[in-house]
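Dear colleague,

I am handing over the structure that follows. Please keep it open beside this message, as the notes after it refer to it throughout.

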Amino acid sequence: MNISAPQGLARSGGSELARASITTPTSIKRRILIVEDESDLARVVKRHVEEIGCEVVVAPTGERALDAAARTEFDLVLLDVMLPGIDGLEVCRRLRDRQLYMPVLMLTARSSEIDKVLGLETGADDYLTKPFSVQELLARIRAIFRRMDALSQPHASSAGGFEIAGCLRIDPTTREVSMRGRPITLTHKEFDLLQHFAENPGRVYTRAQLLDAVWGYNHEGYEHAVNCHINRLRAKIEPDPTKPQLLLTVWGIGYKFTTDKLTAA
């Protein structure tokens, strides 16, 4: 199905994809907050998201988005970067400062790599550049929901957290991390990245594999975001970030997590 798209939404096929509903295991409708000041685009996105069985609230400004998020628990926030008043990056930062986690998919007309990285470092779960197709948008939404469902499932290794090399403690339930008893504050994505590495010690991952596993989608051109998150994570957990002992670079391939080089305090 081709649609007569407003600015920001590309023409796309995918009616079968659009008709397939997205529900929780208990068939409760997902709630999505669309934060978009372009009314035509917001209306088209709202229609297609509702067609897959989601409840939708639209907020045209950052202020109204924050107010809506304070009153309602949303399963996902579709957040435009360029908003009147409080912009999307600041909205995302404020959402991340709250105890309740809401996944954020950022939408923007900007296409530069630095803006993509900035969006992800702000705490966004994903990033989509305008114009985008309905099919791509729904694929990203599905990927985020699958990842959140997986994270909500209990794991045998996560009951009460687990300790690595007697010094690094990770608790997936409370999302708390400590190094030799010292609490470490991580962003949501930094925690997901560390947990993924820690649950797969010694395995070498390419940047594309990490994007797929942690961000939930194989983002072509987003590899620099992995580098930035690795550097930020090293700065927080490594005794000396310039000489990593936990998160090692495997030259020409990617990264791996190991405790073989960890020295005593």
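Where does R175 lie? R175 is in the loop between β9 (168–171) and β10 (176–179). Helices here are DSSP runs of H or I with at least four residues, strands are runs of E with at least two, and both are numbered from the N terminus.

Before the details, a note on the source. The model is predicted: local features need pLDDT of at least 70, side-chain atom pairs count only at pLDDT 80 or more, and totals for chains, interfaces and linings use all residues. Residues are numbered from 1 along each chain as its sequence is written, and side-chain values use heavy atoms, with hydrogens and water left out.

Overall picture

The protein has 9 helices and 14 strands. Of its 265 residues, 50% count as buried; buried means under 20% relative accessible area, exposed means over 50%, and partly exposed lies in between (1.4 Å probe, protein chains only). Contact means heavy atoms within 4.5 Å. Among contacts between residues at least 6 apart in sequence, 59% join residues at least 24 apart.

Two arginines with positive phi

R175 has a phi near 55°, a positive value in a residue other than glycine. With a relative accessible area of 30%, R175 is partly exposed. R180 also has a positive phi of about 55°, although it is not a glycine. R180 is located in the loop between β10 and β11 (182–184), and its relative accessibility of 38% makes it partly exposed.

The loop between β6 and β7

K130 belongs to the loop between β6 (126–129) and β7 (132–133), and P131 is placed in the loop between β6 and β7 as well. The peptide bond that joins K130 and P131 is cis, with omega about -5°. K130 is buried, because its relative accessible area is 11%. Its side chain is joined to that of E36 by a polar contact of 3.0 Å. A polar contact is a pair of N or O atoms within 3.5 Å; within protein, one must be able to donate a hydrogen and the other to accept it, and residues adjacent in sequence count only if both atoms are side-chain atoms.

Three further loop residues

T61 is in the loop between β3 (55–59) and α3 (62–71). The side chain of T61 reaches the backbone nitrogen of R64 at 3.2 Å. Not counting residues up to four places away in sequence, T61 touches V35 and P84.

Y101 sits in the loop between α4 (88–96) and β5 (104–108) and is partly exposed, with a relative accessible area of 22%. Leaving aside neighbours within four places in sequence, Y101 is in contact with R96, G123, D125, M148 and H188. The side chain of Y101 makes polar contacts with the side chain of R96 at 3.0 Å and with the side chain of D125 at 2.7 Å.

G202 is found in the loop between α7 and β12 (205–206). At 45% relative accessibility, G202 is partly exposed. Apart from neighbours within four places in sequence, G202 contacts K256 and F257. The C-alpha atoms of G202 and L248 are separated by 9.7 Å, and these residues are 46 residues apart along the chain.

Helices

I141 is part of helix α6 (residues 134–152) and counts as buried, because its relative accessibility is 0%. I141 and I32 are 109 residues apart in sequence, and their C-alpha atoms are 9.8 Å apart in space.

How do α7 and α9 pack, and at what angle? Helix α7 (residues 188–198) and helix α9 (residues 223–237) meet at an angle of about 80°, with their axes 10 Å apart. Axes are lines fitted to C-alpha atoms, for helices over the stretch in contact, and angles run from 0 to 180 degrees between N-to-C directions. The two helices α7 and α9 are therefore roughly perpendicular; angles under 35 degrees count as roughly parallel, over 145 as roughly antiparallel, 65 to 115 as roughly perpendicular and the rest as oblique. On the α7 side, K189, E190, L193, L194 and F197 meet H229, I230, R232, L233, K236 and I237 of α9.

Cysteines

C167 is buried at 7% relative accessibility, and C228 is buried at 13%. The count of disulfides, pairs of cysteine sulfur atoms within 2.5 Å, comes to 0.

Yours sincerely
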